[in-house]
Amino acid sequence: MRWRCVMAVRSVLVTGGTGTLGRAVVRRLLDEAPGAGTSAGTDRAPAVRVLSRRPRPDDGSAPDCDWAVGDLRTGEGIDAAVAGADTVVHCATTLGKADVGATRQLTEALARRPGGGAHLVYISIAGIDRIPLGYYRTKLAAERIIEESGLPWTVLRTTQFHDLIARVASVQRRSPVTAALAGVRFQPVDVTEVAERLVGLAAGAPAGRVPDMGGPQVRDHADLTRSWLRAHGLRRAVLPVRLPGRTFRALREGANLVPPGGPGPHGAGPGRPAAGTDPGSGKVGDGAEEGYAGGLGPAGERRPVGRITFEDHLAAVTRGRRP
Ligand SMILES: NC(=O)c1ccc[n+]([C@@H]2O[C@H](COP(=O)([O-])OP(=O)(O)OC[C@H]3O[C@@H](n4cnc5c(N)ncnc54)[C@H](OP(=O)(O)O)[C@@H]3O)[C@@H](O)[C@H]2O)c1
């Protein structure tokens, strides 16, 4: 198997490297390679490998790096995929319960390979311990597998990606009205900034659970939906829908938000407003000015905050600046 030979001492496997976030992580690793090499004390950059269930596309769309074919559900190809990697950024998701088995396949393959384990960096979701959604329980179980794997690990939880908010509106584009969750606020974050943070974490020492990351604005779902409609030139009424159940109550209570400047991973609780959030502007307070890059203390006490707004994201998509 061939690594993209940009650095001898660091090699990074990106699971889910073909997905929304994984593509951004791979791009960031390849773009930032010389910098990452320098901060690691070498002038060489990390070797990068994508894990996918499908062979490398031959239409020129694949990044210029190594490619491993494997399936985390079955374990097929995973031993070969992890061979030689000293860091794994785990972005793959089956979007369901199978994520638990998939994460176990990955940790076991890393643990049994000759030469020991690798630094496992995992992307998770803010509020998964407070919102009783089935997929969130799966993410929590996957986090536990990583924590108990005996491997060196780092887990970053973030809020919803802009892409997800956009997708929820997009699937309704043919409907005469567009539904939005009544009373629910989101703090969407851009995947390029999450990727930047993950690459920074991957280049550093294993850090355990690091402070959650969110986007620069806390906004009503209906408001975000109206923005999406405007950006796509669609004139539709937005219909706020109040859904029953504990999951939607937790969302209405803000359990999915990550206030900046909090005490660390466990600072936010359901029902507590996002500290530093100006309800008028929807801007997240001091963290937004500092940004995530400069806002972190040595132990990552402050919550990182992205700078790219939902409108910035929509404009980038419209201009074709996003894949
Ligand atoms: N979306 C959000 O708002 C959000 C927010 C916070 C955190 N996250 C987390 O971020 C991660 C990435 O999300 P995303 O939206 O980028 O996902 P995505 O676009 O749906 O991509 C999923 C990736 O997983 C890979 N995959 C699926 N099944 C696999 C299997 N059996 N074996 C190996 N690879 C498999 C796919 O690769 P192939 O199809 O090429 O095999 C694909 O690259 C997830 O863990 C998610 O929970 C998402």
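Leu151 touches Thr107, Leu110, Ala111, Gly117, Ala118 and Leu120, leaving aside residues up to four places away in sequence; two residues are in contact if their C-beta atoms, placed from the backbone, lie within 7 Å. The model is a predicted one, in which local features need pLDDT of at least 70 and side-chain atom pairs count only at pLDDT 80 or more, while totals for chains, interfaces and linings use all residues. Residue numbers start from 1 along each chain as its sequence is written. Leu151 is located in the loop between α5 and β6; helices (H or I, at least four residues) and strands (E, at least two) are DSSP runs, numbered from the N terminus. Because Leu151 has 18 C-beta neighbours inside 10 Å, it counts as partly exposed. By definition, a residue is buried if 20 or more other C-beta atoms lie within 10 Å of its own, exposed if 12 or fewer, and partly exposed in between, with C-beta atoms placed from the backbone. Between Leu151 and Thr107, which are 44 residues apart along the chain, the C-alpha separation is 7.6 Å.

The secondary structure of the protein comprises 11 helices and 11 strands. Of the 323 residues in the protein, 47% are buried. Among contacts between residues at least 6 apart in sequence, 73% join residues at least 24 apart.

Seven strands form an open sheet in the order β3-β2-β1-β4-β5-β6-β9, with parallel pairing. Its edge strands, β3 (66-69) and β9 (208-209), each pair on one side only; two strands pair if DSSP finds at least two bridges between them. Strand β1 (residues 11-15) runs parallel to β4 and is joined to it by four bridges. Within this pairing, Val14 has Val89 of β4 as its bridge partner, and Thr15 stands opposite His90. β4 also pairs with β5 in the parallel sense, over four bridges, with Thr87 opposite His119 of β5. β4 is covered on both faces: Thr87 and Val89 on one side, and Val88 and His90 on the other, are all buried.

The C-alpha atoms of Pro46 and Thr87 are 9.7 Å apart, although 41 residues separate them along the chain. Pro46 is buried because 29 other C-beta atoms lie within 10 Å.

The loop between β4 (87-90) and α4 (98-112) contains Leu95. Most residues other than glycine have a negative phi. Leu95, which is not a glycine, has a positive phi of about 65 degrees. Leu95 counts as exposed because it has 8 C-beta neighbours inside 10 Å.

Helix α4 has 15 residues and should therefore span 21 Å at 1.5 Å a residue, in agreement with the 21 Å between its end C-alpha atoms; the expected span is 1.5 Å times one less than the number of residues. Its buried residues are Asp99, Ala102, Thr103, Gln105, Leu106, Thr107, Ala109 and Leu110. These are covered by elements including β1, α3 (78-82), β4, β5 and α5. Helix α5 (residues 134-147) lies across β5 and β6 (153-158) and runs at about 160 degrees to β5. For such angles, axes are lines fitted to C-alpha atoms, for helices over the stretch in contact, and values run from 0 to 180 degrees between N-to-C directions.

Helix α1 (residues 20-31) has 12 residues and reaches 17 Å from its first C-alpha to its last, close to the expected 16 Å. In α1, Leu21, Gly22, Arg23, Ala24, Val25, Val26, Arg28 and Leu29 are buried. The largest share of the shell around the ligand, three residues, comes from α1. At least two shell residues each are supplied by α1, β2 (47-52) and β5 (119-125). In total, 26 residues surround the ligand, the closest being Gly16, Gly19, Thr20, Ser52 and Arg53; a residue is near a molecule or strand if its C-beta atom, placed from the backbone, lies within 6 Å of it. The shell divides into 10 nonpolar, 11 polar and five charged residues. In this division, Ala, Val, Leu, Ile, Met, Phe, Trp, Tyr, Cys and Pro count as nonpolar, Asp, Glu, Lys and Arg as charged, and the others, Gly among them, as polar.
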